[in-house]
Amino acid sequence: MKLLAIETATEACSVALWSDGEVRERFEIAPRRHAELTLPWCDALLAEAGISRAQLDAIAVGRGPGAFTGVRLAIAIAQGIALGLDRPLVPLSTLQVLAAGANAGEGDRVLAAIDARMHEVYWAGYRLHDGMLEEISPERVVAPAQVTIEGDGWHGIGTGFSAGESELATRLAPQLATIDASALPHAADLARLAAAAFTRGVAVSPDLVEPAYLRNNVALTLVEQQAARAHKDASR
């Protein structure tokens, strides 16, 4: 199996190639260079592995939640490649991809959280079972104070734990065995998850993939940000 994976939903730009169990990855924290880097990295990884696009079996994509433009970019590029090759897409939650990077063992639970700005976090809970990450708390966007988990021994991962004044990390500290507040999703983890999903028959037509924004009115946030900046400038 040969699969290309694209994850650009956060400030990290990441692309990976799964080729019969071997994974190659390009990863860089480059918040304003995703559009510049993603496609060239895809071509570079394929060239390094001696694989043509036509040899790919599927394209995997992190469908969010995350940054509005980053999520749109990843899906647009993945759809473009997949449609051009007549290949299916394997869309996976960016939070699940993030959770895959936690140092968790069989039966462990992982709380993945991404800084969503606007005093909110994207989060979801997972349990590692038979090598697979099962969702046990659905992905959502809420204020840090509204994130709730049951029991202790959880592994916390993601920038949601450093958002604001690290409110999430401080409040849930008694329930967390570990916290990695600087972790970002990697396309290498996306590729591994997607390869397993593709083997199980989890793949869809490219035109059916929708971004997971979670916020009801994403476009409004751009207007709100501009209005907030204008108000701030006027009040100085």
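Predicted model: local features only at pLDDT ≥ 70, side-chain atom pairs only at ≥ 80, totals over all residues.
Local features need pLDDT of at least 70, side-chain atom pairs count only at pLDDT 80 or more, and totals for chains, interfaces and linings use all residues. Residues are numbered from 1 along each chain as its sequence is written, and side-chain values use heavy atoms, with hydrogens and water left out.

**The sheet**

Helices (H or I, at least four residues) and strands (E, at least two) are DSSP runs, numbered from the N terminus. Two strands pair if DSSP finds at least two bridges between them. Five strands form an open sheet in the order β8-β7-β6-β9-β10, with mixed pairing. β8 and β10 (176-180) are the edge strands, each with a single partner, so one side of each has no neighbour in the sheet. From one strand to the next, the twist averages 15°; axes are lines fitted to C-alpha atoms, for helices over the stretch in contact, and angles run from 0 to 180 degrees between N-to-C directions. Eight bridges join β7 and β8 in the antiparallel sense. W123 faces R140 in β8.

**Backbone exceptions**

Most residues other than glycine have a negative phi, and most peptide bonds are trans. The bond from G64 to P65 is cis, with omega near 5°. P65 sits in the loop between β4 (58-62) and α2 (68-85).

Two residues other than glycine have a positive phi.
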